[in-house]
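Hi everyone, thanks for coming.

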Amino acid sequence: MVVLTVAGQRHALNAAGVVEVLPWLPVASLVLAPPAVVGVIDYRGTVVPVVDLCRLLVGRDCRRWLASRMAVVRVGPPARHRLVALLAEGCTLTRLDTASAQPGLHRPDAPFLGPLLNDGDGLLQSIDPEQLLGAEIIDAVLSAAADLPPDPLSAQAHGR
Amino acid sequence: MVIRNLGLEKKLMLLLSIFSLAFFAFAFVSWHTIETVRVNGPLYGSIVEGKDLVADILPPPAYIIESHLLSLQLAEESEAAQQALLIERGNALRVEFDRRHEHWKRALAPGTLSDTMNVSAYRPAVAYFEVREAELIPAVRARNPVRVQAAMTVLNQRYEEHRRAIDSVVRLTNERNLQLEQTAEKSVSDGRRNLIVLGGLVLAVVAVLAWLTLVMANSLTARLSLAAGVASRVADGDLTVRVPDASESDESGRLLTAIQAMTTSLHSLVARVRLASNMLSASTAEFTKAGRQQDRHIGGLRDSAVQIAGGARSISETSADLMSTMESVNAVAGQAAQVAEGGRSLLEGMQGAMQQLQQGTVSISTRLGTIREKTSDISGVVTTITKIADQTNLLSINAAIEAEKAGDQGLGFMVLAREIRRLADQTAAATLDIEQMVRHMQSAVSAGVMEMDGFAAQVERGVGVTAQVGTQLGQIIGQVKALSERFDAVNHGMRSQSQGARQISEAMTQLMAGAQAGADALPEFNASIAGLRDAADSLTQEISRFKLGT
């Protein structure tokens with residue numbers, strides 16, 4: 001599992017969905033973008049939107065630390081998936097025992113929250129990126145991607 | 001005295017009688033003296049008798065009859081001793097003759113008598129003596145009778161000449177004496193006549209004087225009695241009287257004028273006194289009223305004085321308190337000035353210390369700058385290390401992700417990736433620590449530099465402030481000193497005010513005492529006014545005795 005730190009809180013992400021972890025790359029801002037979308041980056045020739053997790057979860061911008069990371073994840077249906085960079089204040093790996101998972105808090109307005117995990121350093125909230133980003137952002141990303149030809153790099157990255 | 005009681009007339013008559021008596025006594029004495037000493041009078045007769053007696057007895061020295069007798073005797077004498085004796089006597093007679101001649105030459109006035117006596121009688125006498133000495137005496141000594149006889153002849157001739165001249169002298173002298181006696185007799189009879197005439201004149205003058213005296217005395221007594229009458233009328237109070245005739249300028253006239261003036265003055269005086277007595281009566285009434293008012297005023301004055309004295313006493317006490325307060329304030333101000341003085345000297349020391357501090361901060365800043373440069377170098381190195389560690393970390397994460405994606409086949413690679421990540425993490429942690437330390441150091445140095453800069457600025461400001469404070473302290477010291485002087489002046493003023501208030505209080509006390517005395521004296525004053533009123537009434541009565549006419 002990939003652990004992203006957002007405002008001091010650790011959130012677990014399934015490593016299978018993570019394409020690559022990047023340092024804080026220069027972000028080109030977008031006009032008229034949804035509030036959580038900071039801008040776009042050039043990820044190996046592909047324009048990838050950047051979503052600030054801090055802005056999304058606690059309503060403030062992520063602080064730019066040396067440990068701040070961008071985790072590139074795959075969203076959307078497998079046939080026409082798109083890449084989204086999640087901006088977090090830290091990123092690490094952990095080995096998790098999914099058996100110890102306990103049901104977390106389920107709220108209708110927060111469907112992205114998964115079960116609570118324990119890795120020995122404390123409790124982790126597992127999150128689903130697609131649920132987290134929500135239909136609006138995914139639709140915007142996907143509709144933008146619909147006009148584009150299939151991404152060769154995603155296939156390359158997937159293949160790695 | 002008896003004479004003083006006599007009237008003027010009698011006095012004058014007495015004076016005249018005494019004068020007349022004295023004159024007649026003088027005249028009698030003069031008459032008697034003239035009678036006694038006149039020529040051919042009893043005294044004169046006695047003197048002439050004595051002279052005649054001497055002339056009858058003695059041989060005349062100016063007449064050479066005795067010398068001639070001696071010559072005749074010598075011519076007859078034959079004895080030598082007798083001759084010498086005779087010659088000796090003849091010589092003595094000649095000496096006597098010369099002496100008398102000298103006398104008569106001086107005594108007789110120039111004239112016929114003098115010529116006859118000193119020339120006509122003298123020359124034959126001298127010739128006689130020469131012949132005697134030249135002829136007779138040698139002839140006698142030679143016992144030559146012929147020469148003696150011849151000498152005697154010559155001598156006889158000379159003697160005759162001399163005798164004739166002497167006779168004429170005697171005649172002339174007798175004539176002169178007769179003349180003189182007649183003259184004396186005439187002057188005596190003139191004196192007698194003059195004396196008689198003088199007596200008559202004196203009698204006439206005395207008579208005239210007596211008459212004048214009577215007249216003068218009469219006029220004088222008449223005027224004096226007039227003046228006495230006027231004076232007695234004035235004494236009776238009749239001031240309307242006028243002196244009839246006061247125009248003469250002698251003593252009595254002046255007396256009358258003076259009486260007239262006195263009466264006039266007395267008239268106006270009495271008029272004024274009457275006016276004044278009326279005014280006095282009115283005034284005494286006013287006085288009585290004023291006395292009552294004064295009584296009331298004195299009461300009010302006493303109350304006011306009590307209040308003022310109380311106020312002045314409280315002012316005096318208050319100002320004394322204030323004065324002591326001022327003195328203590330002054331002492332405190334003096335202490336403050338001393339403290340400020342000490343502060344100023346301390347500040348001067350502090351200024352020096354601050355300047356040293358400034359220099360110190362400058363050197364510290366320089367050193368801190370050096371440290372900052374070094375730390376930035378370190379920082380650069382650390383950044384490089386960090387970047388490397390970060391990239392290693394990323395690499396290990398991505399490797400681990402890929403290994404996880406590979407499932408069981410990637411387990412070994414995953415262990416390796418985990419080790420790499422652990423190392424990277426450790427490196428990152430270490431670099432983090434270093435970075436943090438460096439950052440702390442940097443920030444500390446920066447803060448230190450800034451603080452040093454701020455400190456230097458503050459020190460600079462402090463130096464300025466210290467100088468300013470020193471100046472202000474100097475001003476404060478000056479002001480405190482000036483304040484002290486002003487305090488002294490105020491103190492002096494307060495003291496004088498206190499003294500003044502005390503004096504006012506004392507004066508008020510005295511005034512109160514005076515008012516009390518005035519109040520005490522008021523009855524006496526009223527009694528005096530009553531006496532004054534009585535006196536004014538009696539004065540008015542007295543004045544009414546005088547008649548002033550219209």
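The second largest pocket holds about 480 Å³ of space. A pocket here, on a 1 Å grid over the protein atoms alone, is an open set of points with protein on both sides within 12 Å along at least five of seven lines; lining residues have an atom within 4 Å of a point. Points are joined across faces, edges and corners, and a volume is the space filled by probe spheres set on them.

Quick note: this is a predicted model, where local features need pLDDT of at least 70, side-chain atom pairs count only at pLDDT 80 or more, and totals for chains, interfaces and linings use all residues. Residues are numbered from 1 along each chain as its sequence is written, chains are lettered from A and ligands numbered from 1 in the order written, and side-chain values use heavy atoms, leaving out hydrogens and water.

Back to that pocket: 21 residues line it, and A:Ala67, A:Arg69, B:Asn393, B:Ala428 and B:Leu432 lie nearest its centre. Strand S9 (90–93) of chain A and helices H9 and H10 of chain B each give two or more residues to this lining. Helices (H or I, at least four residues) and strands (E, at least two) are DSSP runs, numbered from the N terminus. H10(B) gives the most, with seven residues.

So how do H9(B) and H10(B) sit together? Their axes come within 1 Å and cross at roughly 175°, which makes H9(B) roughly antiparallel to H10(B) (over 145 degrees). The axes are lines fitted to C-alpha atoms, for helices over the stretch in contact, and angles run from 0 to 180 degrees between N-to-C directions.

On to the largest pocket, with about 1400 Å³ of space. Its lining has 32 residues, and B:Lys51, B:Ala55, B:Trp104, B:Thr173 and B:Asn177 lie nearest the centre. H8(B) provides the largest share, nine residues.

A cavity is a set of grid points where a 1.4 Å probe fits but cannot get out. How many of 30 Å³ or more turn up in the whole structure? The search finds three. In the largest cavity there is about 70 Å³ of space. B:Trp104 shows up again in this lining, along with others including B:Phe97, B:Arg100 and B:His162. H5(B) gives the most here, with four residues.

Terms used: Parallel < 35°, antiparallel > 145°, perpendicular 65-115°, else oblique.
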